[in-house]
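This report looks at the packing and the chain contacts of the structure shown here.

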Amino acid sequence: MYMLKYIMKRLGLLVMTFVIIEVICFVLIKALPIVINVGIGQDRQIIIAQLTARGYFDPIPVQFWNYLKGIFTRGDFGICYNLPEYRNQSVVEVFRSKLPPTLLINVYSSLIAIPIGIALGIFAALKKNKWEDQVISTTVMLFISVPSFVYAFLVQYIFCFKLEWFPLTMLAGYDYFSPDMFLSMLPAVISLSFGSIAGYARYTRAELTEVLTNDYMLLARTKGLTKAQATTRHALRNAMVPIFPSIVGEFVSVLSGSLIIEKIFAIPGVGGLYLMAINAQDYDSFMFLSGFYILIGLLASIVIDLSYGVIDPRIRMGAK
Amino acid sequence: MRKTSKVIFGLMATSLLGLSACNKGPSIPEDPKTPTAFCYTYMDYTTVSPSNWNELTYQDNNDTQIMSHIGGSFFTFNYEFDADGEIVDGGFTVDYDGATNLEDVSELIGKQAGSGYAYKITLRHDLKWDDGSPIKAADFVYSMKQQLDPAYKNYRADSFYNGSLIIHNAKNYAKIGDKGFFASTDVYEDYASADLENLYFHTAMPDEDAEDGSFEASDTLFDKQVIEPDYYASVTKNGLVACLSSWFAFEVPFTQEEIDSLEGKTVKEIKESSTLSAIYDNAISYAENFYGPAGEDLALVWCVSEYEYPEISFDQVGIFADGDYDLYIVLDSSLDLLKPDGTLSYKAAYNLSSLPLVKESLYEECRVAPATEGALPTSRYNSSVETSASWGPYKLTYFQAGKQYILERNENWYGYNMKEYKGQYQTDRIVCNTIEEWNTAWLSFQQGNITSIGIDVSISQDYKSSSRAVFTGDDYVASLQLQSSKEGLKNRETAGVDKEMLLYPDFRKALSLAIDRADYTAKCTTASQPGFGIFNEYHYYDVENAGVYRHTDAAKKVICETYGVNIDDYDSLDEAYAAVTGYNLELAKQLINSAYDEAVAAGTIAAGDKVVLTVGAAADSEATRRQFNYLKNAFETLAVGTKLEGRLTLEFDASFGSKWSTDFRAGAYDICTGGWSGAAWNPGYFLLAYLSPDYMYSKGWDTSKAMLTYDIYQDGSDVRTMSLLDWYDCLNDNEGAAINLSEGHYDTDLRLGLIAAIEGEILKVYYTVPLYNFYSAALLSYKVNYGSTTYNTFMAYGGIRYMTYNYDDLAWSYVKTHFDYKA
């Protein structure tokens, strides 16, 4: 009951926060002067008529009302007007068509990074201050320090160009689960994984190292558990309390894609879409993407909070 | 833990299942990775994928990537061949293509025979869509009707009333129902024909009215004569009288209160009051300072009128079909599409290459009704494979937005039946991938997977001497644009930071002379050449006979004079012209000192103030950074040894995005790199870009007040002093021009001399500082060869049409990585 009340309260706050941010976004983007580029010999009135028909010259409150009306009466989030690659296309359709490649390379990357990162972290924690730990920690620092696009260029140059193990860019087409497509995604997946592996390893090592020194670990060993049993049953479980939310957070960031990686490997994903929308002052796509990411971000914060209870039943949100 | 694992697994499984549902897009027709013998694939790449290749609505060059392959033409350019079948350098012919005959039928509309006002185009009988259905003359009429449909406000409708090809009544049809206030000069021919109740006296309209298009004052006194960037804002803020007094030397014969009393009233109302009428008469007399004694007609330039374009039938538009294959067009402005001997002139292929053509059945299916009241209907036509139709050499067979499109041979193209195309179009398929990152494309090119790639500055030293390098110039001159708005500069000054130095001509000239353009182009561009004028080698005054403006004596002289090269010091004008470098650091330093002294005397700069100029850009890229760093170094070096030593520097601001030019014109920053291309075959018209406040970067420079004295016939018989803008009107025979000096009405050499004089005036104010003439460089794969190794204005290197293959796809797959492109 406490949990239900807590969830309802959080959802209520979510709606309020979402509306406030959306209004701010709408007002700010609409407050910018409208860009009217007229070429030599072009009829300015045609451009004006197009903009007028879209209501761009209406007062901002009227535009906001029409925007909301479009969403709630027709499910219409508008069309891309200024994005050269998607001109006059529905922003929802554009986003939907570009989401799968982004999701896939990030999910694959997480599938690789989570087990390897956590395993390395556990190993380093268990071998704390030994040479294995030093090697892992140094490597982890190296991978955390270097931006992912550097790996991307190296991976592309070595594995795709020199060794020709993979294609230089992701293949065209919608056959996302074919072996060829998977192979073409791997360079991007690998490039994205390095940073994540290093992050998970460092985090796991830090948490586990701390947990392993707790008194209850000593108690566990004294009551007869082996080191492996004590580690997996007690230490790891407690260490996962802060790690699991970071995994959820990783899934959330998956949705926004990686601008640089997608550019380098020509992945037709959503990575650069938000930036393009802002640069091109494309109102509808900016508002849709803002709304989407705000909503996902807010939902994720609730999911993360709730996940503490899943990992450690002693934690009960909303309980007094 | 087990519960946790389940949650993670569940999340992943859900994601993957969700994605599998998305796996339903169109499949690629045939895997282009599989090489085939006797198949010739051109592998291209683009940084921005096309989105709309509908001829009626396309907006930018990205869309023409597909359009240029799926459309046919009536007339086309071709190489000129000598008796041995070899291409003649620079030569061209104009051939019939989708049309078999063109006849001037001007006499049918009451014009003089052969005057170029009406044409009959006879179409080939085998014009077909890619599905084999026939194309008739009526299809072009239907397409034009859709193009001009007033309900759609199609983006390209103005091509038929705002350019060289003005189809009779096209504008009136396209604007049916458009209602608003327009310049009275647009609505009425003269005062006598005007409705006095519809002549509203207006001196200034609020910005928002001007912006949303409800008010169009294109030819009022003030839009025409007061070339003030913020006219409306200035007049609203300071009052008309104060503005006129500061802008013009003429005495203003009315007070602000008096002129305000006329505002918004109709001429009929004004005339009914003796008090108002007296003020009105004064206003008319004031307008005579600009227009001469035109009497009551001057009411039109003070007034705006409400107007609604009336309903007209499409039958009244100058295009109709007679039978299946005869298409007639009627023009409001004559076009010489035929030479006196009856053969096609270059204008046939240039101005009337084709008319819009959409496939009726498909177009009707693709209509999208407006979602809300007030919105415009749109069309999905030519935005995907399913909605595309081709009547050109290729057809679209695959399209994935933002990733790839594939064009394949359209077997129903009429050209494959023509002897003129025999042995051409060897390319079977064009595969174009979207690759934003140049480095990725470069690796792909080296792997043999891209057929041609632009040479980036980072590799230009190694590859621009390659035998596979291809250079292409165009009419774009990149110039440094220096801020001219005093208000804009002053508003951004802070304590100890001065920007108004830019207002001193000596200072601007010093900046120009401090740039070693040869060094700049070598370090900052791939293949561009130093530029010194607003025109370059690609601006023709007589394209048919290869008459290049820049090659004329007048054009060369003006460059020598602008950059201080004394022609008498050289054996010939050509030698003097060749000696121009635009770089003279010593003189530049002297000019810095003189400008500084002037500024100190005027009190605009204080001792110790730094001059910090902001260089703006659309994006923070390697290229813009490279150019900025070069300029920063050049200008800081310029200051060494002058009174501004250590006090002149540049700062970089790449936050302007797509609004960079609008922001510059509004005075938001100090320096940008910009220029114009277009109208390359009409230098007299091209001047518009540097003289009209609608286009010019230096909006603070009043070209209506910058006077030029010119001896029109170079014999002293008619020496006139007029503003640059007035000279421009004369060169183009615009409304209100004092004398018609347009092409065909004025001796060509004299006209070139006048254009050069105006160019000189533009250069000498140094708000526009030419930097380089744009040339692009590309590497061509060993897989293919262009039809010609010499660039041709009309045919370039022959394009896909003349491209030949050294290897088919199968052979290429074996050899593609074995070439050295440095050699």
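## Packing around one phenylalanine

Leaving aside residues up to four places away in sequence, B:Phe507 touches B:Met501, B:Leu502, B:Leu591, B:Ile592 and B:Ala595, where contact requires C-beta atoms, placed from the backbone, within 7 Å. The model is predicted, with local features needing pLDDT of at least 70, side-chain atom pairs counting only at pLDDT 80 or more, and totals for chains, interfaces and linings using all residues. Residues are numbered from 1 along each chain as its sequence is written, and chains are lettered from A, ligands numbered from 1, in the order in which they are written.

## Nonpolar cores

B:Phe507 is, with A:Ala188, B:Ala510, B:Ile592 and B:Ala595, among those that touch the most other members of the largest nonpolar core, which has 163 residues. Such a core joins buried Ala, Val, Leu, Ile, Met, Phe, Trp, Tyr and Cys residues through C-beta atoms within 7 Å, buried meaning that 20 or more other C-beta atoms lie within 10 Å of a residue's own. Strand β28 (residues 768-780) of chain B gives this core its largest share, eight residues; strands are DSSP runs of E, at least two residues, and helices runs of H or I, at least four.

## Contact between the chains

In chain B, 59 residues are in contact with 51 residues of chain A. The largest share of the side of chain B that touches chain A, eight residues, comes from α1(B).

## Helix α16 of chain B

The buried residues of α16(B) include B:Trp442, B:Leu443 and B:Phe445, and the buried residues of this helix pack against α6 (148-162) and α10 (259-264) of chain A, together with β1 (41-46), β17 (452-454) and β28 of chain B.

Terms used. Buried ≥ 20, exposed ≤ 12 C-beta atoms within 10 Å, placed from the backbone. Contact = placed C-beta atoms within 7 Å.
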